[in-house]
Amino acid sequence: MPPRSQGAAPVRNYRARTIDGAPNPIDIHVGARMRLRRSLLGLTQEELGAALGLSFQQMQKYERGGNRIAASRLYELSRLLDVPVSFFFDGLDDAVKESLPAALSAAEPKDAMSKRETFELVRAYYAIDDAEVRKSVYDLAKSLAA
C-alpha cells in the first residue's frame, strides 16, 4: 500500500475501475456477453430489465461494464437467458490479455461477437424460414469472406 499522509484516508477503488477510472475489462467482457445473448434472443434492455426488476438504464450500465454484476444477479441472468454462468466468461482470457497490459486499458473487446452488426446479421440469418435459402446465404457469405 502506498504511503499516506497522517490523518488521510486510504485511497480505495470501490468500483474496481482501472487506474484511469475506466471500467474493469472483465466487467466490460461480461457485459458484452450479456448483451450478445440478450440480442440473440431478441430481447430489449427494457424487457430483460423488467424480468430482473431493474430499469433499462441499469441494464445499460451492466452491458457497458460501468456497474459490476453481483454473483446472485449473474445467476439470475444465466437462468433468464438460458445459458450457464460460464457463458459470461467464455473468451475472457483473450479479452483480458488485450485489455490489461497497457496500464489496465479498458478498451471495448475487439472480437466480432461483441459488435452490433454481428447481432443483427445473426438475427436476420435465423429469420430466414427457408432452410435452403438460409444455406445459400451461408455459402455466399463464406465465399465472399474467402
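Tutor: Two residues are in contact when they have heavy atoms within 4.5 Å of each other. The model is a predicted one. Its chain holds 7 helices and 0 strands, and 33% of its 146 residues count as buried. Among contacts between residues at least 6 apart in sequence, 62% join residues at least 24 apart.

The part to look at is helix α4, which covers residues 71-80. Start with its buried side. R73, L74, L77 and S78 are the residues of α4 that are buried. Viewed down the axis of α4, these buried residues fall within an arc of 145°, so they line one face of the helix.

What do the buried residues of α4 pack against? Their partners are α1 (25-40), α2 and α3 (56-64).

Take α2 next, which spans residues 45-52. The axes of α2 and α4 come within 11 Å and cross at roughly 120°. An angle over 145 degrees would count as roughly antiparallel, and 65 to 115 as roughly perpendicular; the two helices are therefore oblique to each other. The crossing of α2 past α4 is right-handed. At the contact, α2 supplies L48, A51 and L52, while α4 supplies R73, E76, L77 and L80. Sorted by class, this contact has 5 nonpolar, no polar and 2 charged residues.

Is L77 buried or exposed? Buried means under 20% relative accessible area, and L77, at 0% relative accessibility, therefore counts as buried. Leaving aside residues up to four places away in sequence, L77 touches M34, L48, L52, M59, I69 and F88. The C-alpha atoms of L77 and M34 are separated by 8.1 Å, although the two residues are 43 apart along the chain.

Finally, look past the end of the helix. α4 is followed by D82, which has a positive phi, near 55°.

Note on methods:
Residues numbered from 1 in each chain as written. Predicted model: local features only at pLDDT ≥ 70, side-chain atom pairs only at ≥ 80, totals over all residues. Heavy atoms only, no water. Axes fitted to C-alpha atoms, helices over the stretch in contact; angles between N-to-C directions. Helix = DSSP H or I, 4+ residues; strand = E, 2+ residues; numbered from the N terminus. Parallel < 35°, antiparallel > 145°, perpendicular 65-115°, else oblique. Left-handed = near helix turned anticlockwise from the far one by under 90°. Nonpolar A, V, L, I, M, F, W, Y, C, P; charged D, E, K, R; others polar. Buried < 20%, exposed > 50% of the residue type's maximum accessible area, 1.4 Å probe, protein only. Arc of directions from axis to C-beta.
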